[in-house]
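Trainee: Could you take me on a close look at one part of this model, the place where one chain meets the next? I would like to know what the contact is made of and how the copies are arranged around it.

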Amino acid sequence: MEFIYVLDILGTFAFAISGALVASDKKFDLFGVIIIAFVTAIGGGMLRDVLINAHPINWIGDLNYLFTILAAVILTFLFKSKIAYLSKTLFLFDTVGISVFTLLGLQKGLLLDLHPIVALIMGMISAVFGGVLRDVLTNKVPLIFEKEIYASACLAGGISYLILVKFNVPKNINFVISASVIIFIRLISVKFQLQLPKINDDLFGKS
Amino acid sequence: MEFIYVLDILGTFAFAISGALVASDKKFDLFGVIIIAFVTAIGGGMLRDVLINAHPINWIGDLNYLFTILAAVILTFLFKSKIAYLSKTLFLFDTVGISVFTLLGLQKGLLLDLHPIVALIMGMISAVFGGVLRDVLTNKVPLIFEKEIYASACLAGGISYLILVKFNVPKNINFVISASVIIFIRLISVKFQLQLPKINDDLFGKS
Amino acid sequence: MEFIYVLDILGTFAFAISGALVASDKKFDLFGVIIIAFVTAIGGGMLRDVLINAHPINWIGDLNYLFTILAAVILTFLFKSKIAYLSKTLFLFDTVGISVFTLLGLQKGLLLDLHPIVALIMGMISAVFGGVLRDVLTNKVPLIFEKEIYASACLAGGISYLILVKFNVPKNINFVISASVIIFIRLISVKFQLQLPKINDDLFGKS
């Protein structure tokens, strides 16, 4: 699964850059930027590992994540104005990132014999909570709660993975199919600006 | 202790609804509402279990909490405007909830041979930190820090429980008495709008 | 190392007072003040212990931290207006505190055979994240991200410690030297208002 590891690192890289950009817009100093990049990139997996008691947790067990994040911060520091031109590339990395994070988190949960529903939630936490922690630390309402079918894409891909496991589809093929589901839904939802419904009023009452 | 389990689920249900209402007022989408309901309802117990290393943590070890929260969100989604009429019922569930959460958290701490003071704090974290996490995630100053003798009621009930343990009062009777202490103080303090003192100025200095 | 334990307690005391002052400025009630003092003083070490799976975590394993924090809150409550006169003393305690927190956290990481880089980060988390959690709970952008070479001082002292370990410098002497590095950099940076660079624009682009 070396290919998936490369995608995992690419996703980490994209998440770290997005965190670094948010932090530098907030006029944080270098240290603050590193923390926010770090939390954005591996906060989700870190929370997952603490909740399921999987020690050593992600970045403690594999230093490559740390080095990837540091590289991302340095590049952001050196080339901030150029990075704007790369926004489509970054969006792609980011989308690949959430698909890989979701499925790796889900697999880790299954490996630890968690209930499939719990494993599914762990996949989503892996993909989503880095961004939530970034927003909490920069004192904003987490973006994920308000717009874009980001989490739903992860949910759909995770369910796809669990169903294909039932049908004994080989792991690698399952991974590629389910990741494609996530990537496809994300791209479509951004293109057509789809949103989940809100509870402005109850369905049966008048406003 | 099946009766207490039912109360625990009722409390979870009430906390989840209160979280869902806050989130829908913030115009969160469905996913955001579920997260906030979830965090409000079981964030306290989750934090407790992580701190005392009690794995699997609450909602991973018993899926009924998850299903209860989903049911609460769906009901809030369908009947939001009607729920306003139920505010007294919900307040009652919520009050029962904090009493049960406090005492179950405390008992869990004692079972793990923690110092009674630590077990007491674990009971309070169980009851209070769901709301704190809800407020942090919705970018508000945690309500609990500013008003209402909410935490103090939990503290009093927890101390009552510890004292009655010393006197070898049977567990179930102790549970009922100490839960009543919490419920009574909460109701009284809301009725008479009691508050804890603040540090506006020191007691001996002039303002 | 009894002397270091005393410094650790002094640092906890100073951190708790700083937390209590922030909370009382926010008009929190007594319970809120205790929570914020608590989180400020031992939040960093608590996060560290959860991340590296070191149970019982800091304040559960040694109740003296709790008692120190309660004493700090009571003193703040009684003598708030007088404490302003002690700001230099508190600043000194606080500075000693971060140096001790950093090095004790680092040592704990090394004892658990973590990679030196991870141990270094654990040292910094111990010193810095109490303040971050305080700011998150009081709904502010964490101060540490924006100003003062606070974290950098901890980083420099931690690196100093790791280098001296390589040269087999005795633990106690190493501790004193590396703590002095942290204290010196902190004092100098506050005196001369040094700051880390920010990413306002990239180094090579025009603005």
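Mentor: Gladly! Let's begin with charge: across the interface of chain B and chain C there are 0 salt bridges, a salt bridge being a side-chain nitrogen of Lys or Arg within 4 Å of a carboxyl oxygen of Asp or Glu. Polar contacts come to 1 residue pair between chain B and chain C, with both residues at pLDDT 80 or more. A polar contact here is a pair of N or O atoms within 3.5 Å; within protein, one must be able to donate a hydrogen and the other to accept it, and residues adjacent in sequence count only if both atoms are side-chain atoms.

Some ground rules before we go on. This is a predicted model, in which local features need pLDDT of at least 70 and side-chain atom pairs count only at pLDDT 80 or more, while totals for chains, interfaces and linings use all residues. Residues are numbered from 1 along each chain as its sequence is written, chains are lettered from A and ligands numbered from 1 in the order in which they are written, and side-chain values use heavy atoms, with hydrogens and water left out.

Now for the extent of the contact. On one side 35 residues of chain B take part, and on the other 32 residues of chain C, where contact means heavy atoms within 4.5 Å. Together chain B and chain C bury about 2,900 Å², with 73% of that area coming from carbon and sulfur atoms. Buried area is the accessible area (1.4 Å probe) that two parts lose on being put together, summed over both.

Which elements build the chain B side? Helix H2 (30-51) and helix H6 (116-137) of chain B are the elements that give two or more residues to the side touching chain C; helices (H or I, at least four residues) are DSSP runs, numbered from the N terminus. H6(B) gives the most, with 9 residues. By class, this side of chain B has 23 nonpolar, 5 polar and 7 charged residues. In that tally Ala, Val, Leu, Ile, Met, Phe, Trp, Tyr, Cys and Pro count as nonpolar, Asp, Glu, Lys and Arg as charged, and the others, Gly among them, as polar.

Next, the arrangement. Copies are superposed by least squares on the C-alpha atoms of residues with pLDDT of at least 70 in both.

Moving on to chain C and chain A, the contact takes 35 residues from chain C and 32 residues from chain A. Here too a rotation of 120° with 0.0 Å of shift superposes chain C on chain A, with an RMSD of 0.0 Å. Asn139(C) is the residue of chain C closest to the rotation axis, at 3.8 Å (C-alpha).

Finally, a word on confidence: pLDDT is the predictor's confidence in each residue, from 0 to 100. Chain A has a mean pLDDT of 87, and 91% of its residues reach 70 or more. Over residues 201-207 of chain A, however, the pLDDT is below 50.
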